[in-house]
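Dear colleague,

Here is the structure I promised to pass on, together with some notes on its pockets. Please read them with the coordinates open beside you.

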Amino acid sequence: MYESFFNLKQKPFELVPSPDFLFLSRSHKKALTYLKYGVTERVGFMLLTGEVGSGKTTLIRNMIRGLDSDIILSKVFNTKVSSEQLISLINEDFGLEVSGKDKVTLLRELNDFLIEQYAKKSNPILVIDEAQNLTPELLEEVRMLSNLETDDAKLLQIILVGQPELKKVLARPELRQLRQRISISCHIQPITRAETEDYIFHRLEVAGNRDAVVFEEGTIDAVYNFSRGIPRLINIVCDFLMLSAFVEETRRISSDLVREVIGELETENRFWQDSDSISSKIENIMKEIESLKRVTSELQKRLAAGQKDAVRLPSTRSTYEYREP
Ligand SMILES: Nc1ncnc2c1ncn2[C@@H]1O[C@H](COP(=O)(O)OP(=O)(O)OP(=O)(O)O)[C@@H](O)[C@H]1O
Ligand SMILES: [Mg+2]
């Protein structure tokens with residue numbers, strides 16, 4: 001919309017994880033180097049974590065693009081799936097036929113495929129993004145895939161990518177084995193104040209005009225303070241700033257404009273937070289109703305069976321559990 005006004009080829013602050021825009025902060029650079037090393041050295045299991053919007057998907061997409069030609073890739077971006085669906089997604093992305101096949105067949109075919117690739121000296125990699133949504137059971141299945149190996153080499157390398165909750169899931173005792181296999185683990189940190197400035201100008205430059213706007217003194221500090229160094233939040237503020245500047249037909253980003261835009265975003269955030277807390281309250285009430293229904297039906301059954309003594313009402317409101325007399 002505002003591209004031509006600012007002499008830009010494309011929008012600089014879109015929310016899609018476009019690898020072309022990758023800015024290498026210290027932390028992004030370190031993660032990228034570690035992952036590339038892990039892939040080249042075939043270390044087996046790798047983990048990439050970072051806060052929501054910190055740049056995990058952007059980084060992994062950029063890394064994928066720069067991979068050598070001997071690398072064969074399967075990417076899974078949908079993790080709210082059953083174990084059969086997961087194997088199916090993996091095989092499909094490796095180019096295997098999946099329709100109408102059961103899990104045992106899918107696993108056998110994956111194994112055969114990996115052995116074939118090993119013979120051809122190819123390097124198959126599986127990237128699972130949004131891995132924080134995988135259940136512990138699915139993570140265990142993923143670990144089993146890493147068991148596919150010959151006497152001297154791993155047949156499949158796996159990169160798990162996810163938000164910090166992924167680490168919490170991995171901390172469970174039953175996932176000890178998986179945890180022990182992770183050879184490379186990187187966490188993307190929020191970017192610093194100085195990097196925020198470089199990040200903004202880097203994105204403007206990639207979009208076609210580094211000098212599209214002039215940030216007045218203190219305005220980048222305000223963007224940094226609002227975003228706490230999270231690139232997605234920087235993009236949201238900056239896109240909004242450019243739009244507002246366009247409306248006012250100016251190329252200067254003033255303190256007043258920043259204050260106004262951040263004020264609006266904060267009001268909006270509060271609205272969503274309130275909605276979140278209302279919906280979580282409703283969810284809790286629904287859970288209590290469900291639990292009450294279970295208790296009531298249990299009590300009715302016991303009464304019907306003449307077990308009057310077996311009926312005790314729970315003493316605390318928060319636990320509507322049936323307790324044995
Ligand atoms: N290092 C970076 N260089 C350029 N743009 C970035 C960088 N990191 C993040 N971004 C931008 O920030 C936004 C969010 O990035 P991305 O989707 O990669 O985050 P994420 O960590 O995968 O988030 P989520 O946890 O929601 O999956 C995107 O618009 C992306 O282009
Ligand atoms: Mg992502």
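In what follows, Ala, Val, Leu, Ile, Met, Phe, Trp, Tyr, Cys and Pro are counted as nonpolar, Asp, Glu, Lys and Arg as charged, and the other residues, Gly among them, as polar. Please bear in mind that this is a predicted model.

With those classes, the lining of the largest pocket consists of 11 nonpolar, 11 polar and six charged residues. The space in this largest pocket comes to about 450 Å³, and among the 28 residues lining it, Pro17, Gly55, Lys56, Thr58 and Arg232 are the closest to its centre. Three helices, α2 (56-65), α8 (193-206) and α10 (231-247), each contribute at least two residues to the lining of the largest pocket, and the largest share, four residues, is that of α2.

The second largest pocket has a volume of about 230 Å³, and of the 13 residues that line it, those closest to its centre are Arg26, Ser27, Lys30, His187 and Gln189. Here the elements giving two or more residues to the lining are α1 (26-40) and β5 (182-188), with α1 providing the largest share, namely five residues. By class, the lining of the second largest pocket divides into five nonpolar, five polar and three charged residues.

With best wishes

How values were computed:
Residues numbered from 1 in each chain as written. Chains lettered and ligands numbered in written order. Predicted model: local features only at pLDDT ≥ 70, side-chain atom pairs only at ≥ 80, totals over all residues. Heavy atoms only, no water. 1 Å grid on protein atoms, 1.4 Å probe; cavity = no way out; pocket = protein on both sides within 12 Å on 5 of 7 lines; lining within 4 Å. Points joined across faces, edges and corners; volume = space filled by probe spheres on them.
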